[in-house]
Number of protein chains: 2
Amino acid sequence: MKRTKKLYICKHNLSQAIMQHISSRQEYIEECGLIMEQSGLTRMVGRIIGYLAVSDKELVSFDEFTEVLQASKSSISTSVKMLTTMNLIKPATIPGDRKTYYRLAPDYCWSQIMRLKTGVLSTMYAMFMKGLDFRIRKADKTSQWLVEAAEFYKFMEQEIPALLDKWEERKTKSGE
Amino acid sequence: MKRTKKLYICKHNLSQAIMQHISSRQEYIEECGLIMEQSGLTRMVGRIIGYLAVSDKELVSFDEFTEVLQASKSSISTSVKMLTTMNLIKPATIPGDRKTYYRLAPDYCWSQIMRLKTGVLSTMYAMFMKGLDFRIRKADKTSQWLVEAAEFYKFMEQEIPALLDKWEERKTKSGE
DNA sequence: TATTTAGTTCTTTATGAAAAGAACCAAAAA
DNA sequence: TTTTTGGTTCTTTTCATAAAGAACTAAATA
């Protein structure tokens, strides 16, 4: 079940407003699904984060996810694996218990989720620069447009990692 | 024809490498389609930008797009409308000519494409803050995790627009 | 007035990925 | 050894949407 991720006119402002009117945990979990889906993950992954966020238990078992989220084992398995790979959640085990539990990763480094997305910036830069290679007139309006586009992505490609460094630095300081 | 937009492991580095080996305009246009698709637009929209980027003519007509991109009128119509709405391209007309031509928008403000995407940051902030509302223990590990997540998105929500302001300021200065 | 041109807007088709289902496997328990 | 538990990994189904196709429209031309 693939849903829209495309938002030509900013649908997020809507989500923000909706967020204020949510009254039940159930609703909250579903909304997390929709938001995470929009931001490029899957609906089920969002639901898992949402449930972990509002559950009073710190540890939630695999089968509790299937029950409370009304989802198949395969879907939960794939989703927790994805979240584990992303380091967003961590598996946990209990002595004398065969089940696997999951918790929100306590040491999760938020900047890493953003760093992954900066790859697109260098690709866009490369794309616009490459366009110039094909141009006969290297200084016409189209060429200028390409240069400007490339400059923007170059700027972003440099500044965003710097911002993330700033955040990480702030975190390590406050952690001391 | 929907293609992948999902890239759990950064596929963009691949795109970057591919970009270096592109030798024909045809190939370039197709790669633009794939890249723009990954970044959340459509393949056809990417092809249009790609063709405008490597065409020696500044103005390209509607039917030239259909011919060179081997696409239907409806697809081109929808795509140019989308690009026009985004201000990325501008329609142009010629006296005594009934056709509509398009060019890359000469005054396009690159930061605006990024500003649209910052909406997701405030939504994520709202989402994590809302999660706290449902929690009984407001200081346990899960609550701490939510606070940290919210703080990160708050930080980004503030810093990215500041970065875009910086870019715009630089542009107006260099334009003087 | 009839026809062509240029493009828009519905409807249909095709695709690809999220989720479900089924088959499978390893370890623990009976 | 057989069965159950807990979960993984294939295969299948479903569904949203990008693109194509078809029907339509307005303006210009014949």
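## Two exercises on a predicted two-chain model

**Exercise 1.** Work out what links the side chains of K171(A) and E151(B), then build up a picture of the side of chain B that touches chain A.

*Solution.* Start with the pair itself: K171(A) and E151(B) form a salt bridge, with N to O at 3.1 Å.

Now see which helices of chain B take part. α1, α2, α3, α6, α7 and α8 of chain B each bring at least two residues to the side touching chain A, and α8(B) gives the most, with 19 residues. Sorted by class, that side has 42 nonpolar, 16 polar and 16 charged residues.

Finish with area: about 6,900 Å² is buried between chain B and chain A, 68% of it from carbon and sulfur atoms. W110(B), F134(B) and W145(B) supply 12% of what chain B buries there, more than any other three residues.

**Exercise 2.** Find the strand order in the sheet of chain A, and say why β1 and β2 stand at the edges.

*Solution.* The order is β1-β3-β2 in an open, antiparallel sheet. β1 and β2 of chain A each have a single partner strand, so one side of each lacks a neighbour in the sheet.

Zoom in on β1(A) and β3(A): 2 bridges join them, and V60(A) sits opposite Y102(A).

Notes: Residues numbered from 1 in each chain as written. Chains lettered and ligands numbered in written order. Predicted model: local features only at pLDDT ≥ 70, side-chain atom pairs only at ≥ 80, totals over all residues. Heavy atoms only, no water. Pairing = 2+ DSSP bridges. Helix = DSSP H or I, 4+ residues; strand = E, 2+ residues; numbered from the N terminus. Buried area = accessible area lost by both parts, 1.4 Å probe. Salt bridge = Lys/Arg side-chain N within 4 Å of Asp/Glu carboxyl O. Nonpolar A, V, L, I, M, F, W, Y, C, P; charged D, E, K, R; others polar.
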